[in-house]
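Please look over the sequence and the structure shown here before reading on.

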Amino acid sequence: MPYVNIRITPGATEEQKAELIAGTTDLLVKVLNKNPASTFVVIDEVPAENWGTGGISVAARDRRTG
């Protein structure tokens with residue numbers, strides 16, 4: 001029973017999220033022969049100000065790069 005947690009900053013459409021869920025499930029079926037009915041994919045949207053890289057938040061980085 002695989003569980004996959006995908007964390008992204010907000011902005012993905014419902015269609016893009018559906019594609020992530022389907023693609024992740026298909027990959028687990030193909031590579032690990034997992035049952036898609038018992039494969040769970042969860043998408044968490046993390047606000048950009050709560051996600052950091054390179055010592056600063058993604059929101060601050062985005063403000064710098066415009």
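The sections below take up the record annotations, the salt bridges, selected residues of the chain and its surface.

## Basis of the report

The structure is a predicted model. The values given for it are computed from that model.

## Annotations from the record

An unreviewed UniProt entry places the feature "domain: 4-oxalocrotonate tautomerase-like" at residues 2–61. In the model, this span is 38% helix and 27% strand. Its end C-alpha atoms lie 34 Å apart.

The unreviewed UniProt entry also lists Pro-2 for "active site". Such annotations may be inferred rather than shown by experiment. Pro-2 lies in the segment before strand 1. With a relative accessibility of 15%, Pro-2 counts as buried, because the term applies under 20%. When neighbours within four places in sequence are left aside, Pro-2 is in contact with Leu-28, Lys-34, Ser-38, Thr-39 and Phe-40.

## Salt bridges

The structure holds 3 salt bridges. One of them joins Arg-7 to Asp-44, with the closest N and O atoms 3.7 Å apart. Arg-7 belongs to strand 1 (residues 3–8) and Asp-44 to strand 2 (residues 40–45), so this pair ties together parts of the chain that are 37 residues apart in sequence. Asp-44 counts as partly exposed, at 29% relative accessibility.

Another salt bridge is formed by Lys-17 and Glu-45, whose closest N and O atoms are 3.1 Å apart. This pair also links distant parts of the chain: Lys-17 is in helix 1 (residues 14–32) and Glu-45 is in strand 2, 28 residues apart. Lys-17 has a relative accessible area of 23% and is partly exposed. Glu-45 is partly exposed as well, with a relative accessible area of 38%. Finally, the side chains of Arg-61 and Asp-62 meet in a salt bridge, at 3.1 Å from N to O. Arg-61 counts as partly exposed at 36% relative accessibility, and Asp-62 is partly exposed with a relative accessible area of 37%.

Thr-25 is found in helix 1. At 12% relative accessibility, Thr-25 counts as buried. Not counting residues up to four places away in sequence, Thr-25 touches Pro-36, Thr-39 and Val-41.

Pro-36 is placed in the loop between helix 1 and strand 2. Pro-36 is partly exposed, having a relative accessible area of 47%. Apart from residues up to four places away in sequence, Pro-36 touches Thr-25 and Val-29. The C-alpha atoms of Pro-36 and Ile-6 are separated by 17 Å, and the two residues are 30 residues apart along the chain.

Asn-33 also lies in the loop between helix 1 and strand 2. Most residues other than glycine have a negative phi. Asn-33 is not a glycine, yet its phi is positive, at about 55°. With 67% relative accessibility, Asn-33 counts as exposed.

## A nonpolar surface patch

Which residues make a nonpolar surface patch of about 410 Å²? The patch is made by Met-1, Tyr-3 and Phe-40. Met-1 lies in the segment before strand 1 and is exposed, with a relative accessible area of 74%. Phe-40 is also one of the residues in contact with Pro-2.

## Helix 2

Helix 2 covers residues 58–65, and in it Val-58, Ala-59 and Ala-60 are buried. The buried residues of helix 2 pack against strand 3 (52–53) and strand 4 (56–57). Helix 2 is followed by Gly-66, which has a positive phi near 70°.

Notes: Residues are numbered from 1 along each chain as its sequence is written. This is a predicted model: local features need pLDDT of at least 70, side-chain atom pairs count only at pLDDT 80 or more; totals for chains, interfaces and linings use all residues. Side-chain values use heavy atoms; hydrogens and water are left out. A salt bridge is a side-chain nitrogen of Lys or Arg within 4 Å of a carboxyl oxygen of Asp or Glu. Helices (H or I, at least four residues) and strands (E, at least two) are DSSP runs, numbered from the N terminus. Buried means under 20% relative accessible area, exposed over 50%, partly exposed in between (1.4 Å probe, protein chains only). Contact means heavy atoms within 4.5 Å. Patches are made of residues with over 30% relative accessible area and no salt bridge: like charges are joined within 9 Å, nonpolar side chains (Val, Leu, Ile, Met, Phe, Trp, Tyr) within 5 Å. Accessible areas come from the Shrake-Rupley method with a 1.4 Å probe; for residues, only the protein chains shown count as cover.
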